[in-house]
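User: Hi! I'm new to protein structures and would like to learn how to read this one. Could you walk me through it?

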Amino acid sequence: MNAIPYGRQNITDDDIQEVIKTLKSDYLTQGPKINEFEVEFAKYVGSKYAVAVANGTAALHLCALALGVNTGDKVITTPITFAASANCVRYCGGEVVFGDIDPETYLLDIESVKLLLESSPKGTYKGIIPVDFTGRAVDLEAFYKLAKEYDLWIIEDSCHSPGGYFIDSNGVQQNCGNGNFADLAIFSFHPVKHIASGEGGMITTNDEKLYKKLLKLRTHGITKDESTYTNSIEFAGGTENYPLWYMEMQELGFNYRLTDFQAALGLSQLKRADEGILRRREIAKKYNDIFSDKTYIKGQSGVIEGHAYHLYIIEVDDRLGLYNYLRENNIFAQIHYIPCHLMPYYKNLGWKEGDKPNSESYYKKCISLPMYPTLTNEELNFVSEKIHEYFS
Ligand SMILES: Cc1ncc(COP(=O)(O)O)c(C=O)c1O
């Protein structure tokens, strides 16, 4: 059996042809593929706007900037996420306050967020960053209600959940990143994600003002929209109109642009996104059926409507033993995640063991099994057999 990783990209000949076409075109960056990818991605998730960026971390940083996170601003997120979900607040000088997870869903527990909000004067917190961890959609409707009550913004970290959804209280399907219950949402196109572009990211929103701000921040804070210019036509070097070369850097931005050949790859992958989700759901169902009567498994991702299954996680007591046994058998499971608040960087800011008991006991047992569309049934059975063998 070949090595079986926990996640992997799927690059087809069509993908390669699309990249080659762009490499042979006039634009390697800032060309037509960016806008095409943005338009198609916005359609896919059901948002009004999308802004393509260099990676998911850049997307989070731009969101925090666009929402005005500033020194000392407090923002709530989950400890069970990739560090970038929290770090974006720190980039802007803000303070990260961790809630805890719901041990059933592994998602940020809204009750832990309520406790934080209720125990401080209104205005203490500025925003919440819920994460659709593993691909399971957060109930954003509930978070949105809470956010309105406390005048908070929401950034949905949807890196794990393109194609995921939850059903709202009216029975309506709400796609992850559609912007109906969040100010902004972000995605990553890192190779282990549903859509791969090498590095890459996307921000989606329904807010035109934020959209325009993000476009500017993505490219150094520069604009060519003359209706917003503050310098005079004369200063710019024109007589009756601004000269064509003129542009203004109006605020401090970054170069967080995606290249056109990455966008071409992302676009081509997006066409197969639904197919990939169907296979991921099929794999989850197979794992679930196999594990349903196995008492050594304490918890699992289960079969949940709207789950995008970026990850399939089980909880076991002897996690280290299983991890090593799987490695010996060429199966490379992974751990998602070491609780963010116990990373040395956040410990140095005052967080300590015992602060988030649900996240910490989850971390002791969790292990992510291979989950990607090209995982074969034979490989899946091999993984399941090896797990069973270890515990028998
Ligand atoms: C939940 C989550 N947020 C943010 C990121 C950051 O994305 P990127 O690696 O594209 O910067 C990741 C990627 O691993 C992630 O899993």
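**Reading salt bridges and the sheet**

Analyst: Happy to! Let's start with one side chain: lysine 298 is partly exposed, at 46% relative accessibility. Buried means under 20% relative accessible area, exposed over 50%, and partly exposed in between (1.4 Å probe, protein chains only). This is a predicted model, where local features need pLDDT of at least 70 and side-chain atom pairs count only at pLDDT 80 or more, while totals for chains, interfaces and linings use all residues. Residues are numbered from 1 along each chain as its sequence is written, and side-chain values use heavy atoms, with hydrogens and water left out.

User: Which residue does lysine 298 meet in a salt bridge?

Analyst: A salt bridge is a side-chain nitrogen of Lys or Arg within 4 Å of a carboxyl oxygen of Asp or Glu. Here lysine 298 meets aspartate 317, at 3.6 Å from N to O. By this rule the count is 16 salt bridges.

User: Which residue forms a salt bridge with arginine 272?

Analyst: Aspartate 15 does, with the closest N and O atoms 3.0 Å apart. This pair links distant parts of the chain, 257 residues apart. Arginine 272 is buried, with a relative accessible area of 18%, and aspartate 15 is buried too, at 0%.

User: Which residues are linked with Lys213 in a network of salt bridges?

Analyst: Lys216 and Glu251 are. Within that group, the side chains of glutamate 251 and lysine 213 meet at 3.1 Å, N to O.

User: Now the sheet: what is the order of its strands?

Analyst: Strands (E, at least two residues) and helices (H or I, at least four) are DSSP runs, numbered from the N terminus. Two strands pair if DSSP finds at least two bridges between them. This open sheet has 7 strands in the order β2-β10-β9-β6-β5-β3-β4, with mixed pairing. At the edges stand β2 (49-53) and β4 (95-98), each with a single partner strand, so one side of each has no neighbour in the sheet.

User: How many bridges join β6 to β9?

Analyst: There are 3, and the two strands run parallel. In contrast, β9 and β10 pair in the antiparallel sense over 4 bridges. For one example, alanine 185 has threonine 204 in β10 as its bridge partner.

User: Is β9 enclosed or open, and why?

Analyst: It is largely enclosed by the rest of the structure, because 5 of its 5 residues are buried.
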